[in-house]
Amino acid sequence: IFSTSFHRRRVLLFLVAVTTLTHLLHLWQSLPAMAQAPPAKTVVRLNRDDKDLDFVIHQDGLSAHSLDKFMWSGCRATHGVSSGKVAFLMHIDSGNLCRVGWGTSSAAMALGQCDQSFGYGGTGKKSYANQFLNYGRPFRGGDAIVALVDQDDGTVSFMKNGEALGVAWPIPDWLRGVPLFPHVLTKDAVITVDFGADPRVRRLPTLPEGYAWLADHDRLCPSPWGATR
């Protein structure tokens, strides 16, 4: 009986050893492929942890509306930039009372009404530090607005339906190098943002030379407000 039990134990140990060596061999063979695999691309979305309570983000994480069409509500994206020339697009699906632009993670959610955010609104006004000045042209449902930031030269500009509208605001020296995040504000408009990820949500306009879509930027800054969720 002892001899049979001992033999079974040896066979079991042998099988465990073979199984372990087989797993180690597969792991060793997969190491080159793992080393060559490109890193996972960052997914940029509207940030559910950095928005007004009545700003409703749809399931896709890219489209949204205000719960109360008589109240302004805003949101920022999960990632921003502190360097380079970067852009994102906001499509107005319906309505026209909305703004689009860039803001710091600590800016007031009312885009363009403090000194840490820069906006362009449907009434044809640019806004910064609660200054509202004529800029570009009004926009409404069906239009597509591109918000561009140049962190190298320190400017914020916009495009409407593929047409460049020129520099809207210079970025103050004290904000240079501070991460700026895509920032939207809406009242009666349903909007969809596109950060340029593949597959494309829609056909995107050609950007000015030197600019890249946010999703293609290789030095994204995560929001301090729950960007990884």
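User: In the hairpin of S9 and S10, which residue takes a positive phi?
Analyst: Alanine 129 does, with phi near 55 degrees; that hairpin has two residues between the strands. Bear in mind that this is a predicted model.

User: Is alanine 129 buried or partly exposed?
Analyst: Partly exposed, at 29% relative accessibility. Alanine 129 sits in the loop between S9 and S10.

User: How many bridges join S9 to S10, and which way do they run?
Analyst: Four bridges, and the strands run antiparallel. Tyrosine 128 stands opposite glutamine 131 in S10.

User: What about the hairpin of S8 and S9, which residue has the positive phi there?
Analyst: Glycine 124, with phi near 80 degrees, in a hairpin that has three residues between the strands. S8 covers residues 117–121 and S9 covers residues 125–128, and they pair in the antiparallel sense over three bridges.

User: Which residue is the bridge partner of glycine 119 in S9?
Analyst: Serine 127.

User: Stepping back, how many helices and strands are there in the protein?
Analyst: One helix and 17 strands. Of the 229 residues, 45% are buried.

User: And what share of the contacts join residues at least 24 apart?
Analyst: 62%, taken among contacts between residues at least 6 apart in sequence.

User: Now charges. How many salt bridges does a search of the whole structure find?
Analyst: Four. One of them joins arginine 76 and aspartate 50, with the closest N and O atoms 2.9 Å apart. That pair links distant parts of the chain: arginine 76 is in strand S4 (residues 73–77) and aspartate 50 in strand S1 (residues 46–51), 26 residues apart.

User: Are arginine 76 and aspartate 50 buried or exposed?
Analyst: Arginine 76 is buried, because its relative accessible area is 2%. Aspartate 50 has 6%, so aspartate 50 is buried too. The cut-off for buried is under 20%.

User: Which side chain meets lysine 85 in a salt bridge?
Analyst: Aspartate 150, at 3.9 Å from N to O. Aspartate 150 lies in strand S11 and lysine 85 in strand S6 (residues 85–94), and the two are 65 residues apart. Aspartate 150 is buried, with a relative accessible area of 3%, whereas lysine 85 counts as partly exposed at 26%.

User: What does aspartate 218 pair with?
Analyst: Arginine 219, in a salt bridge of 3.1 Å, N to O. Aspartate 218 counts as exposed at 64% relative accessibility, and arginine 219 as partly exposed at 45%.

User: Back to the interior. Which side chain of opposite charge is nearest to aspartate 143, and how far away?
Analyst: Lysine 160, 4.1 Å away. Aspartate 143 is buried yet has no salt bridge.

User: What polar contact does the side chain of aspartate 143 make, then?
Analyst: One of 2.9 Å, to the side chain of asparagine 161.

User: Where is aspartate 143 found, and which residues is it in contact with?
Analyst: Aspartate 143 is in the loop between strand S10 (131–134) and strand S11 (144–150). Leaving aside neighbours within four places in sequence, its contacts are Met90, His91, Ile92, Lys160 and Asn161.

User: And asparagine 161, where is that, and what is its phi near?
Analyst: Asparagine 161 is in the loop between strand S12 (155–160) and strand S13 (163–170). Its phi is near 50 degrees, a positive value in a residue other than glycine. Asparagine 161 is partly exposed, with a relative accessible area of 45%.

Note on methods: Residues are numbered from 1 along each chain as its sequence is written. This is a predicted model: local features need pLDDT of at least 70, side-chain atom pairs count only at pLDDT 80 or more; totals for chains, interfaces and linings use all residues. Side-chain values use heavy atoms; hydrogens and water are left out. Buried means under 20% relative accessible area, exposed over 50%, partly exposed in between (1.4 Å probe, protein chains only). Lys and Arg count as positive and Asp and Glu as negative; His and the chain ends are not counted. A polar contact is a pair of N or O atoms within 3.5 Å; within protein, one must be able to donate a hydrogen and the other to accept it, and residues adjacent in sequence count only if both atoms are side-chain atoms. Contact means heavy atoms within 4.5 Å. Two strands pair if DSSP finds at least two bridges between them.
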